[in-house]
Amino acid sequence: RVADIVEVLGDFGEKRQPGVPRSEYVALLAHDVSAAYGYNAELVEMLLQLFSPAEAVQFIEASETPRPMTVRTNTLKTRRRDLAQALIARQVNLDPIAGWSKEGLQIHESAVPIGATPEYLAGHYMIQSASSFLPVLALQPQPGERVLDMAAAPGGKTSHIAALMADQGTLVANDFKKGRVKALQGNLMRLGVSCAIVVNADGREFPKLMGGFDRVLLDAPCAGLGMISKDASIKAEKGFADVQHCQALQKALLLSAIDSVNANSPSGGVIVYSTCSISVDENEAVLEYALASRCVKLVDTGLPFGAEGFTRHRSRRFHASLKLARRFYPHTHNMDGFFVAKLRKYSNELKLSSGGEMAAGQSAAPVKAKAKGGATQGGKARGAPSASQKR
């Protein structure tokens, strides 16, 4: 019946029953999808607002099957070709991820546990979803820079940043949850990363701790609506309240990330914002807020594929530059649902609203690292929820 309704909605003028409104078909589709796939009504409503009925069903069906296993070659210790040959010798059936990644390998079958090979234990690779390569590729960290990974555990993106930096410079790897810091430290040690400093702090307080970074990656905590194939509980448990709660935290973290960057960096002044969620409220709406609150602009991510970010969604309108952001979906890109946007900070000065007030009630004074005991002005969001900094 789901397929029949989708077919009618695809050519509504010709195939509908006389006198039956579109809203009735959509309501029946939502009910049947909930029953057939185990989704709660709120999440189905969000998907039907985001996609056409046909594409919503494609997304749901794609989320029922796991995405391909992928690993990222640790170029601090080996080359992709050498790693592939070593794994093939262990009866691992694999292919390189073509085109956009120089480090990724897709695993089809393996006679041995991928997380327990001698190569894994020696730090030659990290088991990592292909979509999580994308924020680091957009960040484009350079050797010798000062880089912050604001929500770093368990270290996949952090170690990728270190590899692109050739382990030269300063990489601050922060995570809010103390328990997750151990996994972060363990992975960085296994992968041979020596340029990283591991920090356990609230990301919203970070500009008070240190600032002046060339680049910041904020892979923000989110409702995880792109990761249903990895966690089936999301489709039954997540709803509007979860998205709104995450949005409040994301806004505070993104302002803090921006305040931690030096706009006058000769090589950077870059912030990359990413989530593993597909909701507009956690992505375009958060960036719209940042554009209004800080001296930043959206720039091209440099990623060679992905759907454009939304500049309009139902009755809402967003800044035209949001089309430069990139969306990734399981049904079109065969990877976890993901969102990546790249911002460039063009001034350390405070951004004023049209009335001359400080935008969003925040302090955006230039941030500089101070000696122990000192603190700089930061971008703490008043009344932001004390939620985890990392999913």
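This is a predicted model: local features need pLDDT of at least 70, side-chain atom pairs count only at pLDDT 80 or more; totals for chains, interfaces and linings use all residues.
**Exercise 1.** Find out how helix α13 and helix α14 meet: how do their axes cross, and which residues make the contact?

*Solution.* Start with the axes: those of α13 (residues 240–259) and α14 (residues 284–293) come within 10 Å, and they cross at roughly 40°. That angle makes α13 oblique to α14. Next, the handedness: α13 passes α14 in a right-handed crossing. Now pick out the side that α13 brings along, namely Gln247, Gln250, Lys251, Leu254, Leu255 and Ile258. From α14 come Ala285, Val286, Leu287, Tyr289, Ala290 and Ser293.

**Exercise 2.** Take strand β15: is it enclosed or open, and which strands are joined to it?

*Solution.* First check burial. Seven of the eight residues of β15 (residues 338–345) are buried, so the strand is largely enclosed by the rest of the structure. Then go through the partners:

- β9 (residues 270–275) is joined to β15 by six bridges, running antiparallel; valine 270 stands opposite arginine 344.
- β10 (residues 296–299) is joined to β15 by four bridges, also antiparallel; here leucine 298 has leucine 343 as its bridge partner.
- β14 (residues 326–328) is joined to β15 by three bridges, again antiparallel; phenylalanine 328 is partnered by phenylalanine 338.

**Exercise 3.** Work out the layout of the open sheet of four strands: what is the strand order, and which strands stand at the edges?

*Solution.* Read off the order, which is β2-β3-β1-β4, with antiparallel pairing. At the edges you find β2 (92–96) and β4 (125–127); each has a single partner strand, so one side of each is left without a neighbour in the sheet. On average, neighbouring strands are turned by 35° against each other, direction ignored. Zoom in on one pair: β2 and β3 (residues 104–110) share five bridges in the antiparallel sense, and proline 96 sits opposite leucine 105 in β3. Finally, helix α6 (residues 80–89) packs on the sheet, touching β1 (69–73), β2, β3 and β4. The direction of α6 makes about 160° with that of β2.

Note on methods. Residues are numbered from 1 along each chain as its sequence is written. Side-chain values use heavy atoms; hydrogens and water are left out. Axes are lines fitted to C-alpha atoms, for helices over the stretch in contact, and angles run from 0 to 180 degrees between N-to-C directions. Helices (H or I, at least four residues) and strands (E, at least two) are DSSP runs, numbered from the N terminus. Angles under 35 degrees count as roughly parallel, over 145 as roughly antiparallel, 65 to 115 as roughly perpendicular and the rest as oblique. A crossing is left-handed if the near helix is turned anticlockwise from the far one by less than a right angle, and right-handed if clockwise. Contact means heavy atoms within 4.5 Å. Buried means under 20% relative accessible area, exposed over 50%, partly exposed in between (1.4 Å probe, protein chains only). Two strands pair if DSSP finds at least two bridges between them.
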